[in-house]
Structure formats: C-alpha cells, structure tokens
Amino acid sequence: MKAAERQARRERLGDLMEREALGAILMRRPENFAWYTGGGNSRVEYASPLGAADVVVTDDGEYVLASTIEAPRMRAEEALGLEVLEYPWHDGPDAAVRGLVGERPLGADVPLDGGGDERDELSALRRVLDPDAIARLRVIGADLTAALAEAADEVEPGMTENFAAEAIAGACRGRGLVPTVLLAATDERIRRFRHPLPTGATIERRAMLVASAQRGGLYANLTVIVDFEEPDRETAHRQAACDEILARMRDEATRPGRTLADAFGDCRHFYADAGFPDEWRLHHQGGPTGYASREVIATPHTAVPIEVGQAFAWNPSITGAKSEETFVLTETGPEVVAGAPVAVR
C-alpha cells in the first residue's frame, strides 16, 4: 500500500478517535484488517468472523498484534510496513492489547467482554456428540481422508502452492465438503510458517496439504505430508517425532475423567521426550473438534473435561514437520475417523 493511502486511513481513524474521545482502536475483523493493511489476510479459519491478528492504532502509533504462530507470516507477507508485535499464543491477546494501549480508552470492532468458549453452556452441551453425529463424522472423516489422498496424487514438483490448494478444494467440494481452512506449502514455507496460506511458490521436494472441512456443520481436520524424494535425516526425524507425539496424545493423554489442561501437560512432556522441549511454544496443539474446527484450544489453563463422545484434532508440529488427524473418543478408546500416513512418491 502506498504511504499516502496508509496516511489517509490513519487520518480517518484519527478523526473517529477524536470524535469518540478514544485513545486507541482495535480492529479484529478480517475485513477491517485488510482495509487498513491494504489487502493483508488475517484469516486462517474462514468460518470465523474474527481474524488471527489485530490492527491496533493508538494516538501515537500503529501496530499489528499477533501470536507467535501468526507473527512470522504477518511480518513477511501480510502486514508489510507495519510494526508487528508478538505475544505467546497460549496467553491470548487480551493482556498484550492492554499492555500496548495502557489506560487509554479503547474502541473496537468486536465486543471486548473477555468471554471464553469454555464457559459457554451451549458449546459445552454440543461438545459431546450424539450417536447420529458420530456416525456422520465417520463418513465426513473418511471423505476428507479420500479428498486429501486424491489431492496428494495430483500434486507434483513444479506445481505452485495455489494449484495444490485448488486440488484440495476441488477434491473436498466434489465430496460436498467445505474446506474452511486450506493450507498448502512447499519446503521453505513449511519451515518458516505454521499456517502457510497458499501462494505462487513452486513445490519442490516436499508438500504439506492441510484441510479443516465441514459438512452438515461437523468438522474433520487432517494434514498430509507428500515427499517426492527421501527427506533428509533431520526432516525425517522431526516428522517421526510429530507422528509419535500425535499417537501419544491420542492413546495416552486423551482419556475420560481428565481435562484438556491435563492432556496439554502430557503434550509438553511428549515434546521433551521426543527431543524438542520448546517447539510446543510455536503453535497450538489443537483440541476438541465437532461443530467447530476447534471447539476449544487446549492450554495449560483449560479446565474443560475430556468425555466419551467428544471428537479431537490434535496437531503437533516441529519446525518443518507436522501431524494431524481427527478421532472420536468412544467407550472402547479412540477411533480415528480422518487420518493419513506420510507419503513418499
């Protein structure tokens, strides 16, 4: 965006702040983020009315506020020319906003009431799926698995990420699935970004294909890695570690009678056991799925109980590698409904 255009936007916000006696304005809606940044994309979950990064304009500055997950992409691709301030993903943005704004009166394009999904009685009711929902999720998960397998067969070296994303979208839409999160990335961008939205970058030795897709309001989530040649030893080690952490989250951590905070504590130990004790800090680890791509994101403080009938999508990642599947916790244990192995072609 040209400097003159940005200055005009800043002046218009300044006029609004003066009229409303505000010291700062927060913009969390993706359409406002795009407007102020000149086309930046703050979306990851397209079904959400909120973006994954904020624009904060004060009476003496302008900033993009993003978690450790999103800040690298904001700096490199979406918020050029703006200062990007970063906060730990597991802390959430509220304290960072208040630290930036201080005691100045704050206006926002969303309610700032501090409410959380884990205290929402309706979401608590819907998190435990009834037998009909579980039966439908099995079919949705199988269709998403087939869709990403089809897309993986179409992807080849020399293809751009955008064309890989087209293959994912087409394979999902052909099965009646709506991919509300759709990521495709090649070697370098897998290493650089945890949420690599597709670009014109050319796929070379490796591709990561990711979809969160819904049908009839129920979501399944899946990541597939496609290797076009044997990965180097370190990459293979990191991918194996992700696969191990995912399996342990499914088989050891996700048990009835525990909480998401308990499972998250185990997750941190699993990363340490795998030799990567700090990588969990760079991306969220997932949590229950069902009628939202993630009903709740697990953190050290999430006291949401784990119950039979809930669906889960854990997604451990280590720089350059990731694993993700969807399973339902049944009376006899976890049942994977969407899952695919690493593929070498």
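An open sheet of 5 strands shows mixed pairing and the strand order 4-3-2-1-5. Strands pair if DSSP finds at least two bridges between them. Helices (H or I, at least four residues) and strands (E, at least two) are DSSP runs, numbered from the N terminus. The edges are held by strand 4 (83-87) and strand 5 (106-108); each has a single partner strand, so one side of each lacks a neighbour in the sheet. Neighbouring strands are turned against each other by 25 degrees on average, direction ignored. Axes are lines fitted to C-alpha atoms, for helices over the stretch in contact, and angles run from 0 to 180 degrees between N-to-C directions.

The model is predicted; local features need pLDDT of at least 70, side-chain atom pairs count only at pLDDT 80 or more, and totals for chains, interfaces and linings use all residues. Residues are numbered from 1 along each chain as its sequence is written, and side-chain values use heavy atoms, with hydrogens and water left out.

Strand 1 (residues 24-27) and strand 2 (residues 53-58) run antiparallel and are joined by 4 bridges. Met 27 has Val 55 as its bridge partner in strand 2. Helix 3 (residues 71-78) lies across strand 2, strand 3 (61-67) and strand 4, at about 170 degrees to strand 4.

The axes of helix 1 (residues 3-20) and helix 2 (residues 30-37) come within 9 Å and cross at roughly 125 degrees. The two helices are therefore oblique to each other; angles under 35 degrees count as roughly parallel, over 145 as roughly antiparallel, 65 to 115 as roughly perpendicular and the rest as oblique. In the contact (heavy atoms within 4.5 Å), Arg 6, Arg 9, Arg 10, Arg 12 and Leu 13 of helix 1 meet Trp 35, Tyr 36 and Thr 37 of helix 2.
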